[in-house]
Amino acid sequence: MKSAYLLVFLICYVACNSDKEAEIEDKKKKIIEQLTNTRPVIKEGYQLVTRHVGIDVYMYRSYRTVSVVFYPVINDISDALFTFQSEELHLNNIGSCSPRDVIIHLKYGSYPAVNPDGYSFPKSFIDADRRENMYTVELLSDGNNITFSIKNPKPGIWYALAYIKWEDPRTQKVEQEGLVADCHTILYTDLQLKSDDTSRYMNCYKPLSLEYETLPTLFKCKSEDNLKPIKLDLNIATTTVPTSKITVRVQSESSPTEDNFILFCVFDPSVNNNQVVTFHAYPNAVHFINLDIIDGNTSNITDCDSYATSDLDETDNQTLVSLMRDDKDRFFAFDYGLPTTDLQDVTSLVNLSSNEIRSMRFEINQFIDIGGSLTIETSLLMSLKYYMGYKRELKKGALLAFTEENQFFKVVVCLDISHASVPLESGHCKFNDRIKPALFVLNSTDSESIYDKVIIPFPEGALWYLTFRLFCDSVVCPCRTSHNGTRYYVDTTENSGEIDSTTFSNVTREGETECNATVVLSISSNSCVNGRCSNHGNCGINTFSGLVMSFCSCSSGYGGWDCSDESRVDSHFYMLLAVLLLTLSNLLFLFSIYVATIRFYFVEAVMYLFTMLFSTFYHACDAPAQIAYCIMRGNMLQFGDFYCGLMSFWVTLLAMSIISLKLRSFLQIIGAIIIALLTTWNMHSFVAFLTPVACGAFILLVSWYVDYKQTKQVKYPRSYYTTYMPLGIALVSVGLICYAFLQTEQNYKIVHSIWHMIIAISVVFLLPDVKRHNVNPFLPDRDLYSSPFWKVLNRRDEP
């Protein structure tokens with residue numbers, strides 16, 4: 001009857017605890033109510049446009065554990081005010097929750113690409129300076145809110161990436177669930193916008209007249225969908241002689257600031273009240289033009305006259321082509337190329353001449369395209385001989401002879417978002433007075449630079465522009481090659497034998513003023529990095545309220561964006577030693593099996609055997625991929641390891657109890673079912689371990705008390721109570737302390753191996769030797785071989 005009550009109690013306990021998710025949600029709602037009751041203070045002149053309540057925030061391990069929030073920002077906004085508030089959700093009554101560092105990255109157009117774990121980005125990744133600015137906010141999860149302001153933000157979608165500050169997992173403790181405080185970090189955020197309605201519409205392509213006394217003023221106009229420069233014709237009307245100069249500041253999509261503009265110049269209306277400013281614009285975009293009065297020294301500001309007589313005429317032969325999109329059937333998988341009917345390949349052959357600039361554009365869509373990585377590859381189309389590795393062979397020493405077939409040229413490739421820049425022969429890209437390094441410089445005189453590649457993680461949702469320009473070598477100088485022959489120049493002398501490396505020929509040859517070349521272009525997008533994570537990780541998909549991004553989940557100690565960084569990978573010897581410790585430490589269960597067998601505990605011996613096997617093969621399978629060995633799926637081995645481990649505790653406690661064989665068999669079956677439920681519910685929870693152990697200990701103590709009350713004497717030999725059992729309990733206590741409190745990722749292999757050995761040895765002292773009489777507890781006796789168990793295995797005599 002007692003066992004029936006016990007069974008009902010255990011089933012009810014498991015059923016109640018299985019609703020843990022409902023309990024978490026209930027507590028989370030209370031915290032959310034607390035957050036929403038502390039209503040945000042809306043500043044005067046601002047409008048609350050969006051808020052997110054109760055966002056789960058986790059410790060950074062990879063992009064699998066980050067949380068993403070998006071904020072829509074409309075046009076004509078002078079200030080975007082972001083509010084963040086984080087708090088700890090305490091899910092049990094153990095200990096307390098300390099505030100944690102929450103990191104938030106804000107970025108326009110796409111998800112921020114960061115590496116909080118300290119791994120470096122792959123070498124082929126684009127330089128972060130070429131991307132949109134990223135803002136970082138840090139706060140504590142103590143319930144206090146902070147605000148972050150961005151002046152004149154770009155209209156569109158802004159994204160926030162939130163996570164708890166990274167800590168090295170190798171130094172963190174392995175905490176057992178149910179023994180420590182269960183803390184959960186949540187985040188509240190909202191966005192308030194301040195509108196700016198002071199701007200007036202104008203026509204960029206018609207003269208603008210305004211009075212000097214009305215300055216400062218802000219205009220906006222929309223450009224045409226082409227690459228032609230805008231000639232802004234300003235006419236300043238005044239009734240008095242101006243005493244100050246006028247600055248012209250232009251920005252696309254948002255009002256210009258002191259640091260954010262595409263054009264900034266100054267002119268003196270007293271000298272010339274009609275000023276023409278010519279500048280490159282963003283195609284099909286609204287531009288804000290700020291005219292202001294400035295006093296003092298303006299020598300550090302460009303004169304607007306330089307824009308009126310700039311070298312923008314060189315863009316007269318600039319053409320623009322929209323690329324064709326070729327969609328695949330997977331997340332973030334698409335290509336862009338020149339329109340073609342070829343269904344197998346969209347690699348484009350771009351024909352260039354030295355008297356033109358070719359621009360191509362393609363669109364990265366918001367939400368659906370930004371979660372992967374964009375790969376851009378370019379290569380000069382050289383002769384077949386060049387591709388076969390000849391590299392313009394060396395002739396007669398360290399110099400390379402010139403042949404009339406050789407062409408010397410380079411192609412400068414620029415990459416921009418929402419606008420096209422002008423490639424320069426110096427290997428830079430120019431957009432108005434902003435100059436930056438080109439994306440690629442393909443040089444036919446260097447076999448190592450005819451090909452280049454760049455990977456852009458989480459590309460911004462916008463129109464992207466690629467601009468190509470071909471430059472011929474006008475003069476070819478007689479320079480020497482490098483020592484390894486990878487760079488070569490013309491040498492007009494025909495010398496034989498050893499040539500002094502300090503000797504140069506003074507003879508030069510006129511190069512080509514006009515030339516042609518073909519560039520091979522490939523633009524492709526895929527999940528992770530080219531759809532994979534090197535050979536040391538899996539490419540996964542993470543979702544947040546409709547937002548989707550790809551990420552790499554690395555294994556075997558590898559890290560980095562594509563799991564190619566092996567700086568923290570243990571040596572092969574160290575990994576092998578760790579696996580041997582975790583697996584071979586289970587061999588001490590052979591002694592437990594032996595002792596259980598000679599003492600006639602056959603059910604217990606079988607459980608120890610399966611515990612040893614499952615633990616050994618699970619740790620062999622859970623090892624780094626380089627040395628892992630799995631005889632079946634890892635989750636099956638893990639379940640078997642935890643289940644057989646708990647069952648071993650259960651049957652051992654029942655073996656120590658003074659109960660009948662029928663009741664013991666009944667309780668073993670009941671325990672097998674309940675432990676299976678507990679292991680399936682949460683095998684890592686300390687409650688799943690404590691429940692069968694506590695119940696077994698309760699049955700043990702009750703049975704001992706009942707037996708002593710009936711017989712007035714102890715059941716087992718005195719040495720069991722004074723020596724063996726205290727020693728076994730001490731060993732189990734040390735093992736539990738190691739298992740529950742001393743394990744870290746760094747010492748796991750050692751401490752967990754000690755746990756295996758201690759538990760295996762403790763069984764030897766805990767099993768009472770009462771089925772035999774007056775024999776050594778660690779040696780078999782003759783009665784063992786006449787037991788029913790062995791008779792089954794013996795061969796029958798022939799009739």
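**A chat about strands, cores and a surface patch**

Colleague: Hi! Which residues of strand 12 are on its covered face, and which on the uncovered one?
Modeller: This is a predicted model. In strand 12 (residues 230-237), I230, L232, L234 and I236 form the covered face, while K231, D233, N235 and A237 make up the uncovered one.

Colleague: Why the every-other-residue pattern?
Modeller: Because in a regular strand the side chains alternate between the two faces of the sheet.

Colleague: Nice. How does strand 12 run against strand 10, parallel or antiparallel?
Modeller: Strand 10 (residues 208-211) and strand 12 run parallel, joined by four bridges. L208 has L234 of strand 12 as its bridge partner.

Colleague: And what about strand 15?
Modeller: Strand 15 (residues 274-279) pairs with strand 12 in the antiparallel sense, over six bridges. There, T278 stands opposite K231.

Colleague: New topic! Which residues touch the most other members of the largest nonpolar core?
Modeller: Those are Y63, F362, I376 and L466, out of 58 residues in that core. Leaving out residues up to four places away in sequence, F362 touches several others, including L323, Y336, W464 and I523. Another core, of 33 residues, lies apart from it, with I593, L654, A655 and V763 among them.

Colleague: Which helix gives the largest share?
Modeller: Helix 12 does, with four residues. Helix 5 (572-584) also supplies at least two.

Terms used: Residues numbered from 1 in each chain as written. Predicted model: local features only at pLDDT ≥ 70, side-chain atom pairs only at ≥ 80, totals over all residues. Heavy atoms only, no water. Core = buried A, V, L, I, M, F, W, Y, C linked by side-chain atoms within 4.5 Å. Buried < 20%, exposed > 50% of the residue type's maximum accessible area, 1.4 Å probe, protein only. Contact = heavy atoms within 4.5 Å. Pairing = 2+ DSSP bridges.
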